[in-house]
Amino acid sequence: MSSPVIVVGGGITGLAAAYDLVQQGRTVVLLEADTRLGGKINSGPVTGAGLAFDVDMAADGFLARQPDVVDLCHELGLGDQLVAPSGAPAYIWFDGALRNIPTPSVLGVPFDIASIENSDLISPAGTADFVARIDKPANPLVGDASVGEVLRPRVGDEVFERLIDPLLGGINAGEADRLSIEAGAAQLADAARAGGSLPVALRAQVDASLAAAAGPVFNGLRGGSHQLIDALGAALGDRVRISTPAERLEPTGGGWRVWADGEAIDASRVILASPSWVTAGLIAPYVPESAAMLAGVSYGDAILVTFVIDKSKIANPLNGSGFLVPRSQGLLMTACSWSSSKWGHYDDGIHAILRVSAGRTDDLRWLDMSTADIVDALRRELVTTIGLAGEPTARATPWRQSLPQYRPGHFDRCDDIDAQLAAEAPGLTVTGAQMRGLGLPACVRQGRAAAQA
Ligand SMILES: Cc1cc2nc3c(=O)[nH]c(=O)nc-3n(C[C@H](O)[C@H](O)[C@H](O)COP(=O)(O)OP(=O)(O)OC[C@H]3O[C@@H](n4cnc5c(N)ncnc54)[C@H](O)[C@@H]3O)c2cc1C
């Protein structure tokens with residue numbers, strides 16, 4: 001029997017890679033360090049909350065317009081579990097009130113002057129600044145830059161800090177001022193590359209997406225995102241070894257030997273879908289420059305606290321999907337998702353389910369707090385923002401080193417890593433959220449692409 005392909009890491013990227021290899025009829029071994037599969041995807045009960053269902057502890061949805069996850073769900077027989085969010089609007093907490101997000105917008109970037117003029121989020125001075133800048137033709141973006149470098153000059157600081165940074169910074173637990181526009185906000189990069197008027201480019205994107213629209217923009221899974229992990233785990237069966245961290249790699253002349261839990265396994269190829277610092281350590285002896293580039297990818301730390309309480313205990317009617325908090329507001333929370341309003345499968349008619357996030361690369365306060373203090377601080381912020389009364393049940397899930405931060409030039413560095421591996425360590429492939437996209441569709445896509453390579 002030929003040597004297996006070894007996949008290191010049983011997060012969604014590694015699982016998608018292993019699943020694809022099995023579909024190709026390849027022999028596969030998947031090594032996962034943890035006691036469970038799924039990595040940054042997990043769902044489970046909120047103990048003591050009286051819910052009859054599990055609630056996601058991190059990802060609760062994924063872009064459906066990038067069909068990779070949706071297609072995979074259908075392949076795995078989960079098509080009937082796909083659900084769409086309510087589509088209700090989100091808000092921004094600013095200056096003591098929840099304020100509407102101006103629409104239309106692309107990734108938080110508004111491009112309709114009237115929507116800003118009518119907004120109670122942007123001041124008259126910020127509006128005048130926006131109006132003076134937004135339609136000014138600009139030279140096409142060449143190469144990569146940070147979202148801040150590209151967009152501050154085109155929308156003004158106020159719109160950037162009250163709208164764009166809360167959304168894009170929030171998704172990544174980072175700062176839009178340091179985020180690669182190419183790797184972290186592809187639609188905005190496309191618009192900037194077109195040059196000329198930003199509203200014209202963004203409107204064209206919205207029109208194209210409406211024209212192509214089939215089905216919802218986002219999907220989730222009834223029963224929680226963990227269903228996807230369970231189905232992949234079931235499809236892989238005894239090819240999966242949990243609690244088995246890959247410790248060392250060694251070339252065998254035509255293949256690779258992987259040392260895991262004291263055992264040596266010979267492989268024809270190795271797909272590394274572990275976090276960047278782990279992968280960097282494994283490949284460092286053979287491709288030190290690539291290892292250094294990987295080790296240089298920093299990660300954001302975040303914590304997600306799920307609160308559950310009787311709906312009657314919240315003054316706000318929760319007519320929406322939640323709200324974002326700009327960093328200027330000084331709150332610990334960065335976002336609050338009204339999950340029981342956003343997703344039908346989380347609405348039992350009785351409980352409000354709120355998923356509250358904290359932590360950004362430039363706000364590490366929560367790391368110095370006890371879990372009880374974090375929960376209490378966020379609960380008090382819910383009193384202020386949505387009129388919470390009473391004691392909710394809470395479940396805190398810390399996600400240390402969980403969200404890779406793409407700096408400008410990120411994709412060029414990924415290309416360099418791929419090229420160096422092909423030239424100097426053939427048979428090794430590096431993939432995962434730290435490479436070519438951290439959303440679930442991008443992870444599935446790159447995992448499957450690694451399997452097809
Ligand atoms: C709080 C939060 C909310 C999110 N929300 C969303 C969302 O709503 N929608 C969305 O699309 N995305 C979301 N994401 C992003 C997305 O969940 C992640 O980017 C994605 O799950 C990462 O998958 P991965 O397989 O690349 O990495 P990981 O999930 O990090 O998997 C890597 C795996 O490698 C294992 N490992 C480590 N060392 C070794 C070793 N030596 N040997 C073997 N295995 C090893 C780890 O245990 C882990 O299981 C969210 C992320 C977080 C943290």
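What covers the buried residues of α10? In this predicted model, the cover includes α1, β2 (28-31), β3 (43-44), α2 (68-75), β11 (218-221) and β12. Helix α10 itself spans residues 226-236, and its buried residues are His226, Leu228, Ile229, Ala231, Leu232, Gly233 and Leu236. The residue that follows α10 is Gly237, with a positive phi near 55°.

Pro245 counts as partly exposed because it has 16 C-beta neighbours inside 10 Å, whereas a buried residue needs 20 or more. Setting aside neighbours within four places in sequence, the contacts of Pro245 are Ala33, Ala260 and Asp261. Ala260 is 15 residues away from Pro245 along the chain, yet their C-alpha atoms are separated by 5.6 Å.

Helix α11 (residues 276-283) has Ser276, Thr279, Ala280, Leu282 and Ile283 as its buried residues. These residues cover an arc of only 165° around the axis, so they lie on the same side of α11. An α-helix has 3.6 residues a turn, so residues three or four places apart point the same way. The elements against which the buried residues of α11 pack are the strands β13 (246-251), β16 (269-272), β21 (393-404) and β22 (428-430), together with the helices α12 (288-295) and α16 (433-436).

A pair of helices comes next. Two packed helices are described by the angle between their axes and the distance between the axes. For α4 (residues 124-134) and α5 (residues 147-155), the angle is about 105° and the axes are 6 Å apart. The two helices are therefore roughly perpendicular to each other. On the α4 side the contact is made by Phe130, Arg133 and Ile134, which meet Pro153, Arg154 and Val155 of α5. Sorted by class, this contact of α4 with α5 holds four nonpolar and two charged residues, and no polar ones.

The ligand has 36 residues around it, and Gly9, Gly11, Thr13, Gly39 and Ala59 come nearest. At least two residues of the shell are supplied by each of α1 (12-23), β17 (299-310), β21 and α17 (440-452). Among these elements, α1 is also part of the cover over the buried residues of α10, and β21 is one of the elements that pack against the buried residues of α11. By class, the shell around the ligand has 21 nonpolar, eleven polar and four charged residues.

Some backbone details remain. Most residues other than glycine have a negative phi, and most peptide bonds are trans. The peptide bond from Thr103 to Pro104 is cis, with omega near 0°, and Pro104 is found in the loop between β8 (97-100) and β9 (105-106). Leu107 is not a glycine but has a positive phi of about 50°; its place is the loop between β9 and β10 (109-110). Leu318, again not a glycine, has a positive phi of about 55° and lies in the loop between β17 and β18 (322-324).

Are these two leucines, Leu107 and Leu318, buried or partly exposed? Leu107 is buried, because 21 other C-beta atoms lie within 10 Å. Leu318 has 19 C-beta neighbours inside 10 Å and therefore counts as partly exposed.

Terms used: Residues numbered from 1 in each chain as written. Predicted model: local features only at pLDDT ≥ 70, side-chain atom pairs only at ≥ 80, totals over all residues. Axes fitted to C-alpha atoms, helices over the stretch in contact; angles between N-to-C directions. Helix = DSSP H or I, 4+ residues; strand = E, 2+ residues; numbered from the N terminus. Parallel < 35°, antiparallel > 145°, perpendicular 65-115°, else oblique. Contact = placed C-beta atoms within 7 Å. Nonpolar A, V, L, I, M, F, W, Y, C, P; charged D, E, K, R; others polar. Buried ≥ 20, exposed ≤ 12 C-beta atoms within 10 Å, placed from the backbone. Arc of directions from axis to C-beta. Near = placed C-beta within 6 Å.
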